Amino acid sequence: MRELNARAVAEAVARLSIQANTQLPQDVKAAIAATRRTEDWPPAREILDHIIENSQIGGGLPICQDTGVACVFLEIGQEVHISGNLTQAVDEGVRRGYTEGYLRKSVVADPLNRVNTGDNTPAMLYTELVPGNQVKITVAPKGFGSENMSRIAMLKPSDGVEGVKGFILDAVEQAGPNPCPPIVVGVGIGGTFDKCALLAKKALLRELGTPAPLPFYAELERELLGKINALGIGPQGFGGRTTALAVHIETMPTHIAGLPCAVNINCHVARHATEVL
């Protein structure tokens with residue numbers, strides 16, 4: 001059994017909070033550059049050029065003014081014992097990262113009274129037990145321009161694949177320019193009301209351009225990406241063929257009477273950073 005002090009988790013979360021908010025992931029850069037080469041609508045090309053330029057001249061400044069709520073995903077090896085309070089350690093990491101990185105604090109302590117916590121805590125923490133003796137930490141800041149555009153539906157099994165496709169396309173069309181396209185579309189299918197929403201959020205962490213492992217869903221991703229880009233919303237809503245960079249679908253078993261489906265949209269910066277302890 002490996003011993004890991006919770007302080008190491010706090011330090012890693014602090015580092016990742018700054019990294020994720022200031023460095024555009026390489027897969028996202030590559031996806032934006034690829035769409036720029038195929039985009040033929042002049043206003044869309046200009047917007048994509050600005051996005052690329054912004055990623056190159058940031059100089060350690062936040063990629064976006066909305067540095068989001070800190071979504072922290074922990075994959076904890078079953079052969080690791082973490083000494084100390086893990087939840088407190090994650091929040092301490094967020095507190096330090098958002099303070100030391102001069103990142104905007106956007107979390108309110110109560111959803112109705114709306115008093116800011118002042119340090120962007122608490123984090124939205126998701127834990128998963130996995131084999132091994134390591135801890136994988138991913139910090140994915142989530143801005144609410146995109147989060148507010150997310151949707152969930154408890155479809156009927158009879159709605160089938162066409163119902164799923166229609167729901168996803170409608171969610172993107174209704175979102176329009178609000179989530180700062182070109183977007184990444186995370187989709188969760190199956191499980192329960194809460195599980196499919198988590199699947200959709202986790203789908204956003206997949207490297208862009210990596211297809212779903214099952215050929216059926218990989219083909220569905222390709223089909224949906226083509227239909228979404230045919231909507232003509234375009235970068236920042238100025239039209240063109242680049243509304244989405246990717247569609248990622250994650251699935252899990254569900255009940256015989258249900259077909260839960262969730263769409264979690266990310267803006268074009270698609271921020272996340274990972275470290276393994």
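The crossing of helices α6 and α8 is right-handed. A crossing counts as right-handed if the near helix is turned clockwise from the far one by less than a right angle, and as left-handed if it is turned anticlockwise. Helices (H or I, at least four residues) and strands (E, at least two) are DSSP runs, numbered from the N terminus.

This is a predicted model, in which local features need pLDDT of at least 70, side-chain atom pairs count only at pLDDT 80 or more, and totals for chains, interfaces and linings use all residues. Residues are numbered from 1 along each chain as its sequence is written, and side-chain values use heavy atoms, with hydrogens and water left out.

Stay with the first pair. Helix α6 covers residues 160–175 and helix α8 covers residues 215–229; their axes come within 11 Å and cross at roughly 40°. That makes α6 oblique to α8. Axes are lines fitted to C-alpha atoms, for helices over the stretch in contact, and angles run from 0 to 180 degrees between N-to-C directions. Angles under 35 degrees count as roughly parallel, over 145 as roughly antiparallel, 65 to 115 as roughly perpendicular and the rest as oblique.

Which residues of α6 and α8 meet? From α6 come Val161, Lys165, Ile168, Leu169 and Val172; from α8 come Phe216, Leu220, Glu223, Leu224, Lys227 and Ile228. Contact means heavy atoms within 4.5 Å. By class, the contact of α6 with α8 has eight nonpolar, no polar and three charged residues. Here Ala, Val, Leu, Ile, Met, Phe, Trp, Tyr, Cys and Pro count as nonpolar, Asp, Glu, Lys and Arg as charged, and the others, Gly among them, as polar.

Next, look at helix α1 (residues 6–22) and helix α4 (residues 86–100). Their axes come within 7 Å and cross at roughly 35°. α1 passes α4 in a right-handed crossing. On the α1 side, the contact residues include Ala6, Val9, Ala10 and Ile18. On the α4 side, they include Leu86, Ala89, Gly93 and Tyr98. The contact of α1 with α4 has 11 nonpolar, four polar and four charged residues.

The crossing of α2 and α3 is left-handed. Ile32, Ala33, Thr35 and Arg36 of α2 make the contact with Arg45, Leu48, Asp49, Ile51 and Ile52 of α3. These residues divide into five nonpolar, one polar and three charged.

Now turn to empty space. Rolling a probe the size of a water molecule over the atoms shows where empty space is left. On a 1 Å grid over the protein atoms alone, a cavity is a set of points where a 1.4 Å probe fits but cannot get out, and a pocket is an open set with protein on both sides within 12 Å along at least five of seven lines; lining residues have an atom within 4 Å of a point. Grid points are joined across faces, edges and corners, and a volume is the space filled by probe spheres set on the points.

How many cavities of 30 Å³ or more does a search of the whole structure find? It finds one. The largest cavity has a volume of about 70 Å³. Its lining includes Cys71, Phe73, Lys142 and Arg271. Strand β5 gives the largest share of that lining, three residues. The lining divides into six nonpolar, one polar and three charged residues.

The largest pocket has a volume of about 470 Å³. Of its 18 lining residues, Phe73, Glu75, Glu128, Lys202 and Leu205 lie nearest its centre. Helix α7 gives the largest share of the lining, five residues. The second largest pocket has a volume of about 300 Å³. Of its 21 lining residues, Cys64, Cys180, Cys267, His268 and Val269 lie nearest its centre. Helix α3 gives the largest share here, four residues.

Finally, check the backbone. Most residues other than glycine have a negative phi, and most peptide bonds are trans. A cis peptide bond joins Thr121 and Pro122, with omega about 5°. Another cis bond joins Pro181 and Pro182, with omega about 10°. Pro182 sits in the loop between α6 and β7. Arg114 has a positive phi, near 65°. Both Pro122 and Arg114 lie in the loop between α4 and β4.
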